[in-house]
Amino acid sequence: MKKEDKAIIIREIEETIKAYNGFYLVETAGLNAEKTSELRRACFNADIKLVVVKNKLLRKALENLEGDYSELYPALKESTSLMCTNVGNAPAKLLKDFVKKGDTLPLLKAAYVEETVYLGADQLDALAAIKSKNELIADVVALLQSPAKNVVSALQSGGSKLHGILETLSKKEN
C-alpha cells in the first residue's frame, strides 16, 4: 500500500472516531460469512458503525487525535474491527446477545466510552450496564416527576374525602 493511500485511510479512521462518542475494538476474524452478515445487520439496526481496520493504521489515527489512547495500544493485536457508537452501551448489549446465542465471537478486546478505557472481554457486563444519555435523562425526569405526582395524588384523594364529609354533613342537617 502506498504512503498516500495509508494517509487517506488514517484520516478516514480519524474522522470516523471523531464523529462518534465512543468506540469498541472487537475480534471478529473467526466469524463465518453468515455470522459476519448477522453482526453487520445488527450493527446497522443499532446505529453502530462497524469497520475492519489494520492495527497500525488505527494506532496512527489514535496518535493523531486529541486525547490519550495509549492504554488501548496493547489491544491492537491480531485482527481488529472498530465499532463506533453514540450510545455507549449499545455495542456491549449487541455483543452480549451474540454471547447468549452461544457464539464465542465477536470478542471484546477494548472500548473507549465516556472518556474511559475498558480492556478485556471481562468488561462486557460493566459496559452493558452503562446508562446512555437518554436513559439518564429519563431517570432524572422520573425523579423530578415523582414528588409532583405524590402532591397531585394527595390533593385528589383529599378532595374526595372533603367532598364526602360535606355531603354527610349536608344530609345530617336535613
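Reader: Which pattern does the protein chain follow when it is read along the sequence?

Author: The model is predicted: local features need pLDDT of at least 70, side-chain atom pairs count only at pLDDT 80 or more, and totals for chains, interfaces and linings use all residues. The protein chain has six helices and five strands, where helices (H or I, at least four residues) and strands (E, at least two) are DSSP runs numbered from the N terminus. Along the sequence, the pattern is α-β-α-β-α-β-α-β-β-α-α.

Reader: What is the radius of gyration of the protein chain?

Author: The radius of gyration is taken over C-alpha atoms, and the globule rule is 2.2 Å times the number of residues to the power 0.38. For 174 residues this rule gives 16 Å, a value that the protein chain well exceeds, so the chain is more spread out than a compact globule. Its C-alpha atoms fill a box of roughly 100 × 40 × 25 Å along the principal axes. The radius of gyration is 26 Å.

Reader: In which order do the five strands form the open sheet?

Author: Strands of a sheet pair through backbone hydrogen bonds, either parallel or antiparallel. Here the pairing is antiparallel, and two strands pair if DSSP finds at least two bridges between them. The edge strands, each pairing on one side only, are β2 (49-53) and β5 (116-119). The order is β2-β3-β1-β4-β5.

Reader: By how many degrees does the sheet twist, on average, from one strand to the next?

Author: Axes are lines fitted to C-alpha atoms, for helices over the stretch in contact, and angles run from 0 to 180 degrees between N-to-C directions. From one strand to the next, the average twist is 20 degrees.

Reader: Which strands does α3 touch where it packs on the sheet?

Author: Contact means heavy atoms within 4.5 Å. The direction of α3 makes about 40 degrees with that of β3. The strands that α3 touches are β1, β2 and β3.

Reader: How many of the six residues of β1 are buried?

Author: Buried means under 20% relative accessible area, exposed over 50%, and partly exposed in between (1.4 Å probe, protein chains only). Gly22, Tyr24 and Val26 point one way from β1, whereas Phe23, Leu25 and Glu27 point the other way. Strand β1 is largely enclosed by the rest of the structure, because its buried residues number six of the six.

Reader: Which residue of β4 is the bridge partner of Phe23?

Author: Strand β1 pairs with β3 in the antiparallel sense over five bridges, and Phe23 stands opposite Cys84 in β3. Strand β1 also pairs with β4 (residues 107-113) over five bridges in the antiparallel sense. In β4, the bridge partner of Phe23 is Tyr112.

Reader: What is the angle between the planes of the rings of Phe23 and Tyr69?

Author: Rings of Phe, Tyr and Trp (its six-membered ring) pair if their centres lie within 6.5 Å; planes under 30 degrees apart count as stacked, over 60 as edge-to-face and the rest as tilted. The whole structure holds three aromatic pairs. Phe23 and Tyr69 form one that is tilted, with 6.0 Å from centre to centre and, between the planes, 40 degrees.

Reader: How many residues apart in sequence are the parts that the pair of Phe23 and Tyr69 ties together?

Author: Phe23 is buried at a relative accessible area of 2%, and Tyr69 is buried at 8%. Phe23 lies in strand β1 (residues 22-27) and Tyr69 in the loop between α3 (55-64) and β3 (80-85), so the separation of the parts tied together is 46 residues.

Reader: The charged end of Arg59 sits over the ring of which residue?

Author: A charge sits over a ring if NZ of Lys or CZ of Arg is within 6 Å of the ring centre and within 35 degrees of the ring normal. Lys101 lies over the face of Phe98, at 5.1 Å from the ring centre. The charged end of Arg59 is 4.1 Å from the centre of its ring, which belongs to Tyr73.

Reader: What separation do the C-alpha atoms of Leu39 and Thr28 have?

Author: Leu39 lies in helix α2 (residues 33-45) and is buried at 1% relative accessibility. Not counting residues up to four places away in sequence, Leu39 touches Thr28, Leu31, Leu50, Leu94, Phe98 and Pro106. Thr28 and Leu39 are 11 residues apart along the chain, and their C-alpha atoms are separated by 9.3 Å.

Definitions and conventions:
Residues are numbered from 1 along each chain as its sequence is written. Side-chain values use heavy atoms; hydrogens and water are left out.
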